[in-house]
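Welcome, and thanks for opening the viewer. Let's walk through the model one selection at a time.

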Amino acid sequence: MTDPESFAHPDAELNRQALDYHAEPKPGKTGIMVTKPAATQHDLSLAYTPGVAEPVRQIHADPQNAYRYTNKGNLVAVITDGTAVLGLGNVGGLAGKPVMEGKAVLFKRFADIDCFDIEVHAKRPQEFIETVMRIAPTFGGINLEDIAAPHCFEIEQALIEQLDIPVFHDDQHGTAIIIAAGLLNALELQGKTLEESRIVVLGAGAAGIAAIRLLMGLGAHRNNIYCIDRQGVIHLGRKDLNPYKFGVAADTDKRTLADAMDGADVFIGVSGPDLVTAEMLASMAPRPVVFALSNPVPEIRPDLAKQVRDDLIMATGRSDYPNQINNVLGFPFIFRGALDVRASRINEDMQVAAVEALRALAHETVPEEVLAAYGLSELSFGPDYIIPKPFDPRLRERVPSAVSRAAVASGVARIPHSGA
Ligand SMILES: NC(=O)C1=CN([C@@H]2O[C@H](COP(=O)(O)OP(=O)(O)OC[C@H]3O[C@@H](n4cnc5c(N)ncnc54)[C@H](OP(=O)(O)O)[C@@H]3O)[C@@H](O)[C@H]2O)C=CC1
Ligand SMILES: CC(=O)C(=O)O
Ligand SMILES: [Mg+2]
């Protein structure tokens, strides 16, 4: 049943259009295309029996031949259990399907990667892990999506250890990579450094924990980071912490989000809607960076934030405001780079290479076609442009190539990088 609340908020008209978009002219957003001639008796003898038996024999003799004779090498599974669909919570796999189909659209549109969305009923991590293990031979890579913490950590780790294809939890690493690239650029504009900035991360789930880990890897100081969940600041005195939260616990007497925001340089929201008040924003340090990334409704709306102060750099996860910090800028291009060199995993070197490529591209002149896609006459590196736009065609060249090179250099590629 359609929730009447959906039509009673600021996105009401957009929500109506979104339902039509998904329903017409055919339900859903993806389909399957045949890539070889299939018009004659001879075509059928090649595509199906008897001809199809020969690639079967070749793959049986050497499984690597699957990359030559099947679609495996360019096929990624987007797999979810539906436990953390956007910021909508545990709505289940079926309700999460439009998001997974959406990810498939982005894989294809931005990186020409074919994709199956797979929604799994699994109550326990082990059931989910076993399901993915059983279907993994079909795919060149596994993109885990919208699986809630803490199960997502256990699931991803087990699959990385047991599979020889890249397994990547998008909400963790995809999000962390884009946050890092955008934040480094925003801090540069604000005249601050990652090393010295005091950072508040609201949300201690998949996205929050991974973002903290990556930012620390890039130079953020552990003592400068406050992570917050529904119980407040995650501090060393708490007795309710799982090992992942304990790993980001601070030695502090701050207890609430308001305490943490007072004097902070950076706010990163990966939690839920409308959780940051005008007063909290006003209490931040001069020239703050505010990434309100909860989808579809951010932790604070840009219109309100900009009314409160004019010295901030603001980003959301949405496509309809400036500065979209969203993993759409990551997973298509990162998987492209990994698949191109048949990488066995997506390691931290490859993730950092993606951060650097994204960050650097935002400093360059914006092409006309990007301006046209966004109805803009001008756009250049500055407070309203800290990260490239998803429609920037240069992403397809720069990010995969940087990721492939890092895979080769770090020893996880199985074929050479063919680019210049
Ligand atoms: N822009 C982007 O690219 C992305 C945005 N996101 C957004 O980030 C959010 C979280 O996603 P994800 O990490 O995958 O989900 P998880 O379920 O793994 O984690 C959610 C976290 O948010 C915390 N949280 C939720 N509501 C509140 C609240 N009212 N007060 C304090 N903390 C709260 C939870 O606290 P507790 O642990 O106490 O339950 C938990 O730590 C979603 O809104 C999602 O849309 C995620 C990925 C990408
Ligand atoms: C963008 C995304 O993956 C999320 O909000 O979950
Ligand atoms: Mg997601």
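Domain bounds here come from an automatic or database domain assignment. This is a predicted model, in which local features need pLDDT of at least 70, side-chain atom pairs count only at pLDDT 80 or more, and totals for chains, interfaces and linings use all residues. Residues are numbered from 1 along each chain as its sequence is written, while chains are lettered from A and ligands numbered from 1 in the order in which they are written.

**Stop one: ligand 1.** Select ligand 1 and the residues near it (C-beta atom, placed from the backbone, within 6 Å). You will find 29 residues, the closest being Gly 87, Gly 205, Asp 229, Ser 294 and Gly 317. Domain 1 (22-165) and domain 2 (173-316) each give at least three residues to this shell. H9 provides the largest share, 3 residues.

**Stop two: ligand 2.** Around ligand 2, pick out Leu 86, Asp 146, Asp 170, Asp 171, Asn 295, Gly 317, Asn 326 and Asn 327.

**Stop three: strand E8.** Select residues 266-269: Val 266 and Ile 268 point one way, Phe 267 and Gly 269 the other, and all are buried (20 or more other C-beta atoms within 10 Å of their own, C-beta atoms being placed from the backbone).

How values were computed
Helix = DSSP H or I, 4+ residues; strand = E, 2+ residues; numbered from the N terminus. Buried ≥ 20, exposed ≤ 12 C-beta atoms within 10 Å, placed from the backbone.
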